[in-house]
Amino acid sequence: MHLPGVVLNRRIHARALAITLSVGAPAAAQIGATTQADPTPVTPAATSAPRLTQFVQADYPADALAQGLEGSVLLELTVDPTGHVSQVTVVQPLGHGFDEAATAAARTFVFEPARRDGVVVASILRYRYRFSAAAARAAQQPQVHALLRVTVRGRGDQPLAGAAVSLTLPDGTTRQATSDERGAFRVELDSVGSVRIALSADGHEPMEVTETVADREDLGLTYRLSPVRAAAPPTTPTPGEPSATEPEDEATVRARRPPREVTRQSLEFREILRMPGTGGDALRAVQNFPGVARAINGLLIVRGSTPQDTQIFADGTSIPLIYHFGGLSSVISTELLDRIDFYPGNYSARYGRAQGGIVDVGLRSPRRQGYRFVANINLIDASLFVEGAITRNLSFAVSFRRSYVDAILGAVLGGIDAVSFTSLPVYWDYQGLLEYRPSPRDRVRLALLGSDDSLSLLLNRPSETAPRFSGSFSTGIGFHAGQVLWDHTFSPTISSRAMFSASRNSINIGGGEVFGLDLNFWNLTGRYELTAQVNRRVRANLGVDIVGGPAEIRFNGVRMPSEGQMPNLQNLARVSTQSSDSLYRPGAYAELEITPTPRLRLIPSLRADYTRDANRSWAVQPRLSFRWEFTRDWFLKGGLGVFNQPPQPQQSSGAVNSFNPATTVGNPFLATQRSVHYGLGMEHNFSQYLSLSVEGFYKDLDQQIISQPSIQGLPYFNSGIGRIYGGEILFRHRPSARFFGWLAYTISRSERRDSPESAYRIFQFDQTHILTLIGSYRLGRGWEVGLRFRFVTGNPTTPIIGAVYNGDTGTYTQIPGAPFSARNAPFHQLDLRVDKTWTFRRGSLNLFLEVLNVYNNANPEGVQYNYNYTQSNTVTGIPFFPNLGVRFEY
């Protein structure tokens with residue numbers, strides 16, 4: 001799981017979701033285990049439950065430790081009359097080798113057997129084994145003492161004040177404590193090792209657990225006590241309250257995993273599901289973090305770079321888009337996500353061919369016992385998700401979504417004479433997983449992914465400013481991908497991941513008589529990474545990835561002008577071509593994770609990429625990042641590195657322009673674009689809930705590809721230069737029993753110049769100020785209300801300062817002013833979300849109302865002119881828009 005990188009942790013029917021916006025070294029945590037009673041007694045006739053007398057620590061899976069993965073595995077143990085474990089069944093799997101490690105350790109446990117009427121009997125119990133990456137690392141370091149911080153919670157996740165706590169320390173002494181009004185207490189330990197903790201509170205079942213505390217460890221634990229259940233027939237739960245059959249909560253250690261990048265923030269699943277303005281869509285939640293500009297037409301703009309500069313992956317497979325039309329929803333179901341790794345800069349060397357940001361979406365393992373069904377229906381789209389186990393080692397998951405946009409617009413726009421739709425805007429996507437675990441060391445997964453967005457309309461009357469632009473207009477973008485992934489553990493210190501995928505991506509745009517683009521290409525990708533723990537202070541990551549495949553380009557239109565100029569469909573030079581080509585882009589990288597002291601983490605790396613279509617060139621990219629805890633709960637982080645990005649296929653195409661055989665469509669002699677990233681920041685944790693992150697960044701861009709009038713028949717050159725600089729602040733309140741929220745602010749400036757001799761100008765995607773305020777509060781009885789407010793500097797625009805009449809065509813040609821020398825008015829919007837949840841015996845129902853643009857602000861998105869450019873009006877964005885939806889889970 002990997003700021004930006006994000007980690008989203010969710011707990012819904014025993015599964016974890018993680019999004020990573022990344023950087024940082026982990027806080028100390030621990031690896032341990034705890035036993036909890038199942039809501040329905042597994043051995044109801046036993047008068048005394050089995051008691052653990054011999055605990056065995058599990059081996060932490062090497063690959064999981066390398067990635068910093070952590071969590072818990074719920075096991076069902078069959079204990080025979082001798083007290084030995086005869087059978088272990090995984091009830092709630094975690095994957096990544098944790099299930100196998102926990103199972104192997106649990107088989108060696110020894111219990112004092114259960115008794116019935118004084119006679120020892122076989123029994124079945126549930127045992128939760130918890131893993132923490134930070135603890136596994138901390139346990140290797142020499143220490144002198146430890147701090148134990150515990151929070152006790154009860155029904156509804158409320159703090160339990162006055163809970164009695166008894167601790168048996170490693171030296172045999174005991175201590176007594178009582179939780180305060182926040183349900184918390186802390187104990188300083190002079191010795192380390194196994195600590196037995198007994199908890200009790202009125203109206204709740206007692207709990208007794210054993211924790212292993214490492215030297216100099218600051219260990220934070222949260223225990224949740226189950227309410228006492230009366231020996232009576234089950235009753236219907238009160239609406240909005242948890243039912244007695246909900247999956248039990250476990251003792252939880254919250255700790256950051258050791259990332260391989262510079263910045264990282266975490267989101268819990270409640271924040272994703274209840275965040276106003278996102279519709280419960282995990283990928284849309286990424287837009288609310290620092291460094292992410294307000295999306296334009298659903299495009300992701302990261303730290304002032306173009307959308308094309310940010311690469312999007314699904315477990316390492318490149319996909320052409322992350323959002324459907326206008327950013328209404330993402331192309332992968334939230335129910336299927338394991339993690340979202342979002343990096344705005346200074347990312348790991350395992351990522352290449354990008355100079356902006358990275359979004360890598362990880363798909364989770366399907367559940368390995370039973371089945372699960374989730375349906376989501378709202379006014380925009382509907383989706384269905386199903387997962388389950390076919391056999392003990394074979395499981396599946398499928399998801400499908402389709403929009404209603406075509407039905408809504410069909411009713412609204414049916415009476416407009418100027419436009420008639422031949423195919424209304426519609427989007428859909430699908431995902432399917434089949435996962436097989438042939439051994440405890442191996443996991444093999446087949447994934448199928450696909451998405452499609454399409455629109456087709458007929459202009460019955462031509463445009464005033466472009467009379468030739470009439471007839472049909474269509475657009476479509478989609479992909480279909482198949483992927484095979486294999487995780488293998490050679491030993492506790494060496495592991496690997498191999499991935500191969502084949503995807504077909506297509507972009508099709510038609511614009512009347514003057515424009516047509518069909519871009520279809522196969523993307524064949526192979527990746528392999530080997531991770532080895534060299535010693536307790538050094539880990540090595542070595543990898544190769546190869547991208548290539550055939551591409552077909554059909555283009556008929558006009559040469560796009562220099563950046564910042566307004567295209568004129570009447571006078572621009574025509575371009576036409578139909579060609580086939582193939583891409584071949586292999587790369588390799590080496591990366592070290594060095595921990596010279598427990599408080600300092602260094603990550604030097606080196607990556608090399610070969611690009612056949614960029615003049616057969618190599619790009620060598622050194623990178624370095626660090627994270628240092630210079631005093632308790634204060635962290636200094638930073639990084640710098642070189643990042644190269646190859647040209648787009650149409651930019652490097654050497655195909656001849658059919659309209660002018662003396663020119664080519666692209667420039668086959670282009671070099672890769674280059675960006676040098678610098679970042680430095682600081683983080684501080686004020687408490688369990690409050691944290692602050694401040695970071696500054698600078699990006700130096702050169703060899704940028706610029707469109708210019710053809711020189712010697714070549715339309716593109718690497719003459720562009722740019723710079724992007726700014727700062728980001730995130731002040732956050734992590735989810736407590738009632739509230740979560742944050743304030744995110746970015747100030748930045750993105751500038752370009754077309755050659756070393758020209759002056760810097762504002763870039764098209766510059767947004768100086770970006771402010772986001774989010775807050776959500778639980779009112780009780782299943783009700784929750786949240787607000788999101790956004791303020792963003794207006795987008796840059798190029799003003800029209802006049803027009804010239806063309807007697808031959810009978811049209812006016814605009815005279816543009818200085819490129820992007822004007823701006824739209826600022827964008828500001830308030831969004832509201834209200835949720836009501838009912839929890840039943842075997843499922844839950846959530847009803848939500850989300851209102852976008854509550855006070856109906858007319859946010860400007862552009863300017864529209866009349867035929868001679870003497871009059872204009874503002875094009876506004878989405879008005880007041882309510883969206884009602886329901887989510888059912890069984």
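A: Two strands pair if DSSP finds at least two bridges between them, where strands (E, at least two residues) are DSSP runs numbered from the N terminus. The structure is a predicted model, in which local features need pLDDT of at least 70, side-chain atom pairs count only at pLDDT 80 or more, and totals for chains, interfaces and linings use all residues. Residues are numbered from 1 along each chain as its sequence is written, and side-chain values use heavy atoms, with hydrogens and water left out.

With these terms in place, strand β25 (residues 381-389) can be followed to its partners. Strand β24 (residues 371-378) pairs with β25 in the antiparallel sense over seven bridges, and a hairpin of two residues joins β24 to β25. On the other hand, β25 also pairs in the antiparallel sense with strand β26 (residues 394-403), over nine bridges, and these two strands form a hairpin with four residues between them. Leu384 in β25 stands opposite Ala375, while in β26 the bridge partner of Leu384 is Phe400.

Tyr427 lies in strand β27 (residues 419-439), and Tyr427 counts as buried because its relative accessibility is 0%, buried meaning under 20% relative accessible area with a 1.4 Å probe and protein chains only.

Terms used: Buried means under 20% relative accessible area, exposed over 50%, partly exposed in between (1.4 Å probe, protein chains only).
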